[in-house]
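Please consult the sequence and structure shown below while reading.

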Amino acid sequence: MPRFTLSPRVIPPALFIGLVGLPVLVAVYTGLTAGGGETWDHILNNRLVPYTLTTLIVLAVSAVMMLGLAVPAAWLTSLYEFPGRRFFSWALILPLAMPGYVMAYAWADLMGVAGPLQASIREMTGWSARDYWFPNLFSAPGLAFVLASTLFPYVYITARAAFTMQSLATLEAARSLGTPPLGLFWKVGLPVALPTILAGVSLALMEAAADYGAADFLGVQTLGVGIVRSWMSFGQADTAARLALMLILIASAFLISARVFQGQRGSQQTSKRWLTPRRTPLPAIWGAAASLLCASILLLCFAAPVLRLIWLVVETRAATQDFWPLLRTTLLLGAMGTLGAFTAALVFTLATKRSGALRFGARMVAAAGYAAPGVVLGLGALYILKVSGQALSGSIAIGFLLWIYVSRFTSAGVEPLQSTIDRLPKSLDDATRSLGVRGVRQLFRVDLPLLAPGAIAAGLILFVEILKELPATLMLRPFGWDTLAVQAHAYATDERLPQATLPSLLIVLAGLIPVILLSWRLSRTERT
Amino acid sequence: MTYRTHMIVGLSLLVGAVAACSNPTEPADSATVAEPQRTLTLYSARHYDSDKALYAMFEEQAGVNLDVRESRADQLIETMKAEGDQSPADVIITADAGSLWRFQDAGLTQAVASDDLSAAVPQNYRQSQGHWYGLARRLRGIAYDPARWSAEDLATWDKLAEEDKSGEICVRSSSNIYNLSLMSEIIHRYGADDAQAWATAIVGNMARNPQGGDTDQIRAIAAGECSIAIVNHYYWVRLGASEKEADRNVATSTTFLVPEFSEGSGSHVNITGAAISATADDVALAEEFIAFLLTDTGQSYLTRDTKELPLLDGSALPTGVENVPEFIASGTSLDVYGENQAEAQRLFDLAGWN
Amino acid sequence: MSLNPSLIAQGLSRSFSGRTVVDQANLLIEPGQVTALIGPSGSGKTTLLRMLAGMETPDTGTVRSGEDVLSGPQTFIPIEKRRIGLVFQDFALFPHLSVLGNVMFGLHKLPKPDRVLQADIWIERLGLAHRRDAYPHQLSGGEQQRTAIARALAPKPVAILLDEPFSGLDPAMRDQARTAALEAVRAAEIPALLVTHDAAEALVHADQVAVIHEGRILQSDTPDMVYRSPNNIAVARALGPLHEIAASSLPDAWRAQLGTTSETFYYRPEAIRVGEGVACTISRTRLAGPTTQLDLKLSETATIVAACQPGRALAAGETVRASLNPDFVFDFSEKPL
């Protein structure tokens with residue numbers, strides 16, 4: 001390899017990375033340069049601290065919840081054999097198909113003061129709503145629960161990978177030293193896997209920080225909501241962009257901590273000595289307990305809300321509207337967005353393979369986009385549109401929308417690709433080149449085939465994420481390009497939840513297929 | 001081989017998804033008429049099936065093509081600001097005068113001195129310079145538990161601030177435009193200090209932190225969590241017209257009332273309205289469209305699903321609103337709802353109304 | 001005998017952030033021969049290999065293949081154009097390609113039928129015919145290694161560089177694997193460089209041995225010469241066990257035999273022959289395969305290490321007689337480090 005210099009070869013990828021980062025940069029720039037004015041002073045004096053605190057509380061609580069939901073289940077399904085293990089090991093990923101706002105609709109209906117849970121309590125006891133305490137979903141912990149229950153699969157996936165890649169020798173050494181099963185978890189399994197798990201948590205929290213739909217619906221005053229409020233109530237998009245800056249700062253902190261955690265992983269995954277530990281069968285009672293735990297998680301985070309939605313659809317006979325065009329648009333936008341974001345992720349990963357500086361820049365850009373709420377990126381796109389003097393219609397609107405998808409989700413695609421690359425021996429690259437193969441030929445003969453496992457995971461994750469995307473689609477879609485998410489949101493904001501349930505359910509169903517494929521893939525990789 | 005197969009499967013999945021979905025119909029492009037058809041572009045913050053039927057009728061009647069972009073009002077504003085001179089928007093429809101004012105404030109509307117429209121829309125339901133015109137009326141009022149309160153106890157907004165209402169009030173978040181418009185009128189009538197004091201007192205009387213939408217507040221009464229809910233009338237009406245028996249029971253167990261500001265001063269009335277965009281190509285066509293919405297047909301379709309009140313006196317009421325009591329409009333200029341909006345949010349924030 | 005050019009490095013230097021890793025290295029790698037580059041870890045042997053291969057740019061110096069400059073002050077032919085075969089320590093086989101696919105990989109300039117033909121020749125030559133369609137993860141370590149060698153040789157490179165290719169192999173099969181692999185490499189009649197830290201491997205299997213220490217190539221010669229006549233204490237250390245003894249501790253007869261005035265001598269254990277000569281007491285014995293290592297007490301303070309193949313078991317406390325073979329005693333006093 002030639003000396004580490006800024007060769008002209010890095011210019012095209014650098015430009016490309018710039019393009020991906022432009023919307024978020026524009027939004028931030030506007031936030032920084034626009035005159036502060038009275039509104040900003042008001043927000044700063046009365047709101048910034050509460051917004052930020054609430055956001056941090058929500059993130060902290062949901063981090064704890066995600067760990068609680070994901071880690072024990074991952075430990076059990078990767079190291080022990082118990083009834084239903086095979087089913088749970090893939091089914092626990094299903095909640096990924098649930099958008100946060102749909103989860104919020106469903107649980108709000110289930111847990112609301114007029115919902116079935118509270119109604120049956122009152123019926124059984126004869127109490128009135130003021131006579132008992134019931135957890136309130138419309139609160140910071142409630143939002144944290146909603147976010148955790150949709151995002152914990154990310155932590156579950158990383159935790160499983162960490163546990164299954166653990167050194168068999170380490171675990172057996174611990175066992176031979178008389179460590180009981182629980183001690184094995186606390187003293188060996190968890191500490192060894194913790195950096196990887198925390199990296200997963202950090203990434204999930206970036207996603208949580210960018211939430212708007214669920215927080216808005218539940219009325220929790222997070223920064224994401226504050227951004228929209230300062231925009232809506234004060235009509236000041238500039239202030240909104242400033243608050244977004246705060247959010248991006250928080251997210252960058254998560255990104256950096258994820259990097260730090262991953263850096264601590266050390267030399268775990270080099271050679272054949274790291275084999276998947278054989279699963280130990282659990283004794284009957286413990287096996288039943290493990291099944292029960294996994295089943296409850298699945299019920300809480302997937303089955304109950306989905307069944308409730310189905311029930312609402314049936315009960316209110318909401319299926320009157322023709323949702324086929326919406327579904328078609330949703331899938332089409334999802335496919336196009338996936339293609340765009342995937343290409344971007346591929347360029348990011350390959351172009352930055354050898355340049356550390358470029359990689360860091362690319363990561364920061366992608367992460368800023370990932371952390372920025374869709375609203376902020378949409379604002380950035382609108383500023384750019386304004387400069388370009390175009391109307392938001394037809395192919396221009398589609399172009400902007402896809403651009404925002406790329407800007408927002410490239411990071412989600414880079415992760416699986418990068419981890420695939422990290423697992424490959426560095427010498428493969430030299431070997432390829434020593435055989436006289438480089439450039440496009442190297443891309444097609446070596447890089448792409450080797451990246452295929454990660455590429456499929458990346459593609460599936462991107463597809464699901466874009467299906468669920470709401471704010472940017474809402475802002476930028478051209479005439480006639482309504483998606484299911486847009487429709488569900490429109491009904492939900494009109495307080496017509498019964499009508500919102502069917503499109504919500506369809507999003508979940510559309511997302512389930514890629515999630516199941518992803519889950520099937522992950523369990524296959526584990527076995528080979 | 002395994003690696004290659006994976007890649008092929010993955011790629012074909014993507015390509016297949018793209019290919020399988022043909023282009024969603026884009027109304028602007030799919031019109032295959034020989035002669036160039038006039039197009040009216042509507043930016044609407046409403047999304048009702050009955051609206052769509054109404055638009056189709058207008059297309060038929062006027063022989064034009066109607067492009068509709070439905071989105072939230074704030075997003076429509078940002079879109080139009082970004083589009084600038086290029087904006088295709090001709091007509092804007094949105095709920096709440098406060099929201100219409102935001103379009104106007106951003107310079108996105110134009111003043112139209114239309115005799116037809118001015119004749120149809122009473123003065124207190126349109127913007128003073130003709131920037132926007134009301135299409136339907138909406139009332140912010142109170143749903144309450146009749147077993148707990150009499151109409152007399154709640155006849156004015158001031159009475160909600162009294163101590164006996166402590167722990168009894170359910171209301172949604174202050175960032176909601178309905179609350180902002182109400183507060184704007186209160187500021188207009190009593191000044192900032194009294195308005196803040198009122199808001200602070202309401203916060204003190206709340207049964208719970210503001211959460212959910214208006215419907216949720218009414219449900220909370222039925223569940224016994226509070227006994228007074230500040231809500232728009234049509235949410236209460238819609239519950240009464242619901243498919244679900246449980247919802248209808250919620251409506252029948254509560255009573256709706258429209259408080260006055262003080263005895264005899266009239267009530268807070270808001271509108272859904274239309275504005276003609278600053279960039280409208282064909283103002284006459286835009287006026288024609290708005291005038292169409294103000295016909296009996298237009299009125300009945302506009303209010304059929306929303307359960308708003310028609311703007312025109314003679315128009316038939318949508319089913320279900322007959323239980324909404326009579327009221328007298330305060331007659332305050334709707335301009336006020338916009339002008340005081342930022343102040344309203346600031347006072348809410350200071351009062352601690354989330 | 002061979003028409004292929006040698007691979008020549010002249011005055012190659014490379015430093016990383018101020019630390020000189022390779023310092024003015026000269027190396028002549030002749031075709032048809034295996035030249036071993038031996039040195040401890042951190043001695044710069046991998047960097048030297050990377051510069052020869054074109055994976056690293058030298059600060060100074062040239063790399064030539066015969067008359068063709070591969071790397072010099074004005075020239076830098078990148079790795080993909082250099083046509084140098086590489087065999088990596090981890091083999092770096094493409095996991096998505098079969099043995100055939102891997103071997104064919106570098107033959108992309110040929111039409112497809114020729115590619116298969118050529119690849120099959122090399123697969124055959126390295127005894128992999130029965131594994132032709134297997135994937136890397138299905139192969140044994142030795143098979144993976146032979147695949148890597150076949151892949152490197154198939155495009156007819158101007159030289160082949162092997163970076164510790166045997167270190168990952170099972171010791172039981174290592175020797176056989178080495179012989180077979182290096183035979184194929186020699187048969188290609190191109191310059192071959194075998195980077196290793198295993199002295200025995202270098203001495204047994206290479207035709208030439210170059211010793212690198214702290215970035216400098218100290219000696220480059222036949223295995224015999226570098227082993228028997230190291231020109232430097234570091235060279236001697238790199239190639240086998242080396243012990244140090246003060247001249248004053250030696251019996252007078254031995255000192256006379258050596259005939260210099262040095263104060264310190266370095267010797268290999270085989271310099272001390274048990275049989276006749278000076279009587280000394282065995283203080284400790286260690287069995288090391290066919291040979292036995294003995295610690296012999298010359299006096300109260302001096303012990304000398306001997307390696308011998310005694311006809312019977314020897315025990316500590318026994319007295320034996322020992323003589324000295326001066327060929328395996330080195331005196332570096334005139335050549336300070």
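In what order do the four strands of the open sheet in chain C lie? In this predicted model, the order is 2-1-4-5, and the pairing is antiparallel. Strand 2 and strand 5 of chain C form the edges, each pairing on one side only. Between neighbouring strands of this sheet the average turn is 30°, direction ignored.

| Element of chain C | Residues |
|---|---|
| Strand 1 | 7–16 |
| Strand 2 | 19–29 |
| Strand 4 | 60–65 |
| Strand 5 | 68–71 |
| Helix 1 | 45–53 |

Three bridges join strand 4 of chain C to strand 5 of chain C in the antiparallel sense. Within strand 5 of chain C, C:D68 is the residue that stands opposite C:S65. Helix 1 of chain C packs on the sheet and touches strand 1, strand 2 and strand 4 of chain C. The direction of helix 1 of chain C makes about 120° with that of strand 1 of chain C.

The contact between the chains takes 20 residues from chain C and 17 residues from chain A. On the side of chain C that touches chain A, helix 2 (79–82) and strand 6 (84–87) of chain C each supply at least two residues. Strand 6 of chain C provides the largest share of that side, three residues. By class, the side of chain C that touches chain A comprises eleven nonpolar, five polar and four charged residues.

Technical notes
Residues numbered from 1 in each chain as written. Chains lettered and ligands numbered in written order. Predicted model: local features only at pLDDT ≥ 70, side-chain atom pairs only at ≥ 80, totals over all residues. Pairing = 2+ DSSP bridges. Axes fitted to C-alpha atoms, helices over the stretch in contact; angles between N-to-C directions. Contact = placed C-beta atoms within 7 Å. Nonpolar A, V, L, I, M, F, W, Y, C, P; charged D, E, K, R; others polar.
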